[in-house]
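Please keep the viewer open as you read.

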Amino acid sequence: MKQILLIALSSRIILLITSFLFDILINDYDTSSSIGKENGGFIWSCFGHLVRWDSLYFLEIAQFGYLFEQFHAFFPLFPLFIRAFSLFLGVLDVPYHSQLLLSSIVISNSSFVAASLVLFELSREMFRSLLGFNEEDSIKWSKISVILFCLSPSNIFLISPYTESLFCLLSFCGFLCVQRQKWWIASLFFSLSVGVRSNGFLYSGFFLFRAIRISALSFISKGKKNNQVPVWRDSILQILTVLLPFLLFQYYTWTRYCNSSTDIVVEGYEEPSWCSSFIPFSYSAIQDKYWNQGFLRYWQIKQIPNFLLASPIFLLSLFGSIQFLKLVWKKHLGNLNSILRDDSICLLVLPMAIYWIFFLLIILLFFHVQTMTRFITPVPMLYWFVSLLFYEQSYFGAISVGYFLFFNLLGALLYSNFYPFT
């Protein structure tokens, strides 16, 4: 564990220094965040280059709350953590927005280090149970998986005031609990992940898969049929636990903009159109209005460069998920009954492969496609797949690592200077 801790910390320090140097050597494309840097003293001078794009929203929400409708596209747990931890930094004689910046940097990077430790433990169990590696080999390839995580193509976001690191930590903790069949604890971690980022609600699929699997085993069993009511009851309650933060945040937004008692009503105020929807959820409407996200909205000729930017992670994810599905199929020679009875496959690996493909398609069809690079970061299978490429001595492993390294440098260069990057 000490070695994993050292690897994770070293990777953060190296990337922080690299991005800092890029910021000094190259003029910013957009200087709109330079106001904070000019008035933030030493802290902003060191870390101001990491305040770009969505991070501006998170820091604004942490300081002032949800001032405008578009702010509600960003979920509240990360800004709440930033604000809460900044209370411990009040002893520093620096402006409040500098305290918030330092707080966000500490949370993101400490979350990343913790996520690396959890990923190591999760990977070790996976390599041992699914592939039959001995303890020594499991540790070796788990370390390689963690190193790949430390070289993630979206690495620059993992040191910045973004949700990526915290979301990875909560996701990996949830996956580890699923692997160990601690279903209620897993639902709590996944629920917290939804409070950080909306797409965490997809983790509810792991509980649905479990219920379907147990029901299928009971159906095809030749022996006594088991009562499925407790399994479905627990799974439904766990799914609701995962979805609860999303529903509560939608309700909070509705009370602010649609309820007659709203605190923002002024003369001439008109309710947003989503208030009159059959299900008045603000999230998709706000993404549509302010970020033009929707079905095939991004499929335009002018977006071809962004599709090219996302193509490496798309191909890695597509081939990786298919390879794991093939591995599952070959291990049991296509025997469905045998597959469903194998915990090493059906607790985590099979539902995660299905989730990976499903999420990939959602991003491709509905999201800004270049965000795929960072949205796939919390999928452990990405790092397991590249590790296995090395294990099989495939030259695709070297190509994949080359892609990881190149995007590390590209991200540090573009993001720190306020150029568009994923």
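The text below covers the fold, then the largest pocket.

This is a predicted model, in which local features need pLDDT of at least 70, side-chain atom pairs count only at pLDDT 80 or more, and totals for chains, interfaces and linings use all residues. Residues are numbered from 1 along each chain as its sequence is written, and side-chain values use heavy atoms, with hydrogens and water left out.

**Overall form**

The chain has 20 helices and zero strands, where helices (H or I, at least four residues) and strands (E, at least two) are DSSP runs numbered from the N terminus. Buried residues make up 54% of the 422 residues; buried means under 20% relative accessible area with a 1.4 Å probe, protein chains only.

**The largest pocket**

A pocket here is an open set of points on a 1 Å grid over the protein atoms alone, where a 1.4 Å probe fits, with protein on both sides within 12 Å along at least five of seven lines; lining residues have an atom within 4 Å of a point. The largest pocket has a volume of about 1,200 Å³, the space filled by probe spheres set on the points, which are joined across faces, edges and corners. Of its 42 lining residues, the closest to the centre are Y283, Q287, W291, Q293 and F375. Helix α13 (283–291) is among the elements that give two or more residues to this lining, and α13 gives the most, with five residues.

| Lining class | Residues |
|---|---|
| Nonpolar (Ala, Val, Leu, Ile, Met, Phe, Trp, Tyr, Cys, Pro) | 26 residues |
| Polar (the others, Gly among them) | 12 residues |

Technical notes: Buried < 20%, exposed > 50% of the residue type's maximum accessible area, 1.4 Å probe, protein only.
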